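Here are my notes on the two-chain model you sent over. Have it open while you read, and follow the points one at a time.

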Amino acid sequence: MGNGAFEGYAVQVRDLTRRFGDFVAVDRVSFDVPRGEIFGFLGANGAGKTTTIRMLCGLLSPSSGSGTVAGRDIVRDYERIKLGIGYMSQKFSLYEDLTVRENMEFYGGIYGLGAAGIRKSGEALLESLELEPQADKLVGGLPMGWKQRVALSCALVHDPEIVFLDEPTSGVDPASRRNFWLLIYRLADRGKTVFVTTHYMDEAEYCGRVSIMKGGKIAEIGNPHRLKERYGLATMQEVFIKVVGEGEG
Amino acid sequence: MNRILVSVFRKEMIHILRDPQSLVMVLLMPLLMLFLYGYAITLDMKSIDTAIIDESRTPESRSLAARLSAGDFFRITSRDAPLDTIGDLFESRTARCVLVIPSDYASRLMAEGGAKVELIIDASDPNAASFVDVYVGQVVAEESAARGGGGRLLFTVSPRVLYNPDMRSADFFVPGLIAVILILISTLLTSIAIVREKETGTMEQILVSPIKPGQMILGKVLPYTILGFLAGILILVGGSLWFDVPIKGSLLLVLGMMFIYTVTGISMGILVSTIAKTQAVAMLAAVMLTMLPVIMMSGFIFPVSSMPRVFQWLSAIIPATYFLEIIRGIVLKGSAFADIWRQAAILVGMDVLLIVASVRTFRVRLE
């Protein structure tokens with residue numbers, strides 16, 4: 001899997017740029033994410049996070065630049081990137097009139113998985129996410145915390161190398177948020193690369209490395225502890241405000 | 001490839017089955033419309049309340065009056081009311097038309113071989129009024145023909161009604177209803193089903209999967225094609241069992257044409273879904289795009305040939321116009337494919353155009 005040069009990296013991009021007309025949403029961004037890392041993707045709204053993720057997911061083609069995601073070229077091979085990644089949006093895109101199991105079957109099905117394959121990975125996911133008692137309930141009736149887990153399991157049915165989690169904990173109570181991060185750790189332990197965006201800075205502390213985007217560029221990147229040391233600040237919250245606020249007014 | 005399509009299809013079927021209210025509505029609406037158009041909106045004219053004022057009081061005038069009341073079209077509700085009360089007759093709805101036979105009717109008939117009678121019609125319903133005019137004209141013509149050589153009338157106009165000899169509205173409406181229902185259901189359900197995915201964000205989730213637009217669209221619309229078909233068949237069966245509308249032509253040809261027409265509706269639905277952002281907007285757009293033109297301009301109620309020129313042009317770009325000609329041809333006249341291939345070809349052409357346009361816009365939206 002993958003091609004030699006990028007072995008060991010789940011995501012590797014160089015000078016990734018995306019323009020919309022005159023507006024440069026993402027401006028020559030370069031970074032690497034090693035396999036098995038929990039990579040936090042931070043930035044204020046409109047900083048270019050979503051556009052970057054959309055390019056990495058094969059939803060948007062870059063205006064210029066190069067890179068690989070899950071061993072596939074993001075310019076030439078972007079359709080096949082989709083096979084290697086899972087995506088969970090902040091909206092928990094689930095069908096409320098379908099049961100947990102039916103949602104998983106559908107999302108597995110559109111990746112071309114057969115009934116047997118879905119059942120196998122589905123049962124394992126239900127077990128590891130502790131969703132078994134809810135498996136045959138309609139998603140519409142579940143509390144937010146459970147929906148969040150179902151959304152995660154749907155993003156994992158096809159066993160992707162990388163999972164993109166776009167604000168996965170928005171609108172969820174603190175206890176569920178904590179539990180969800182335990183799940184993220186478990187995923188990373190199993191070798192999955194987790195690419196996560198969040199507005200909660202306490203969550204940023206849990207990441208192996210974070211990047212902070214500002215005005216379409218990556219303003220800062222590194223391990224949360226080392227960033228805090230370097231800026232001489234106690235929390236990531238303060239680091240974030242310092243980095244994002246710099247040069248404004 | 002097929003697995004992906006099947007998963008989309010199965011998921012869509014679950015949506016339909018889990019929402020029995022909508023399902024019942026989709027299947028009940030055609031039947032409701034069938035009965036509505038079959039009974040309530042009838043264009044059959046019978047028992048028109050008629051007043052006769054016979055000032056002539058001769059055997060000749062009585063003969064004319066008798067001829068008028070003989071059929072079941074006119075019902076004589078008033079005789080020989082004073083001339084100045086005609087207004088009251090109309091206002092009290094005692095009569096919708098008044099036939100006045102002047103006092104010199106018999107003598108002029110003898111002397112000149114041509115007498116005048118006066119017909120006064122309540123034209124507040126212009127459609128009915130023109131019917132009455134024609135029918136009275138017919139009765140008068142019959143009377144003058146019966147009087148033989150003495151009459152001045154050298155010819156009489158006697159229209160012959162073909163294909164729907166009793167001029168029953170049901171025969172006219174039932175096939176037409178299929179044109180309305182089929183396109184409404186397929187356009188409406190398709191656009192709503194796609195827009196719903198956009199609204200809930202599931203579309204985004206689907207787009208990050210390797211599914212192709214074709215698989216997505218086909219899997220999604222197949223269940224609604226089936227539903228549209230079921231509704232169309234319900235109307236056919238209901239129409240023939242309840243209203244005795246015969247299917248003179250080939251049933252297989254009817255179904256084949258229904259399929260072509262359903263594809264039209266579905267591609268229109270996909271087009272709507274690429275523009276509409278919410279289900280409410282999609283619903284409105286689908287109804288505006290299908291119901292209104294089909295009912296007003298396709299010949300469903302008003303014949304295209306009697307429309308203003310501009311509307312005739314418009315009707316030429318409405319798919320239902322062609323489908324109506326096709327389905328009425330097959331059902332009422334027993335037309336074979338050879339008789340309707342031109343209309344069928346136009347419909348197929350429209351289908352191809354719409355599919356190309358809708359898949360294109362669908363793709364663009366993915367970007």
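Which two strands of chain A form a hairpin, and which residue in the turn has a positive phi?

1. The hairpin. S9(A) and S10(A) make it, with two residues between them, and A:Gly215 in the turn is the one with a positive phi, of about 55°. Before going on, some ground rules: this is a predicted model, where local features need pLDDT of at least 70, side-chain atom pairs count only at pLDDT 80 or more, and totals for chains, interfaces and linings use all residues. Residues are numbered from 1 along each chain as its sequence is written, chains are lettered from A and ligands numbered from 1 in the order in which they are written, and side-chain values use heavy atoms, with hydrogens and water left out.

2. S9(A) pairs with strand S10 (residues 217-222) of chain A over five bridges, in the antiparallel sense. Two strands count as paired if DSSP finds at least two bridges between them. Helices (H or I, at least four residues) and strands (E, at least two) are DSSP runs, numbered from the N terminus. To find your place, look for A:Lys214, whose bridge partner in S10(A) is A:Lys217.

3. Another partner for S9(A). Strand S3 (residues 38-43) of chain A runs parallel to strand S9 (residues 209-214) of chain A, and five bridges join them. Here A:Gly40 stands opposite A:Val210 in S9(A).

4. The open sheet of chain A. Its four strands come in the order S2-S1-S4-S5 (chain A), and the pairing is antiparallel. Strand S2 (23-34) and strand S5 (72-73) of chain A are the edges, each pairing on one side only. Inside the sheet, strand S1 (residues 9-20) and strand S4 (residues 64-69) of chain A run antiparallel and are joined by five bridges; A:Thr17 stands opposite A:Ser64 in S4(A). Helix H1 (residues 49-56) of chain A packs on this sheet and touches S1, S2 and S4 of chain A, its direction making about 120° with that of S1(A). Contact means heavy atoms within 4.5 Å. Axes are lines fitted to C-alpha atoms, for helices over the stretch in contact, and angles run from 0 to 180 degrees between N-to-C directions.

5. The open sheet of chain B. Four strands again, this time ordered S2-S1-S3-S4 (chain B), with mixed pairing. The edges are strand S2 (74-79) and strand S4 (118-121) of chain B, and the twist averages 25° from one strand to the next. Strand S3 (residues 97-101) of chain B is antiparallel to S4(B), with four bridges joining them; among these residues, B:Val98 has B:Ile120 as its bridge partner. Helix H3 (residues 59-70) of chain B lies across S1, S2 and S3 of chain B, at about 135° to S2(B).

6. Where the chains meet. 22 residues of chain B are in contact with 27 residues of chain A. The two chains bury about 2400 Å² between them, 57% of it on carbon and sulfur atoms. That area is the accessible area (1.4 Å probe) that two parts lose on being put together, summed over both. B:Gln205, B:Val208 and B:Pro210 supply 26% of what chain B buries against chain A, more than any other three residues.

7. Charges across the interface. The rule finds two salt bridges between chain B and chain A, counting a side-chain nitrogen of Lys or Arg within 4 Å of a carboxyl oxygen of Asp or Glu. The side chains of A:Glu102 and B:Arg18 meet in a salt bridge at 2.8 Å, N to O.
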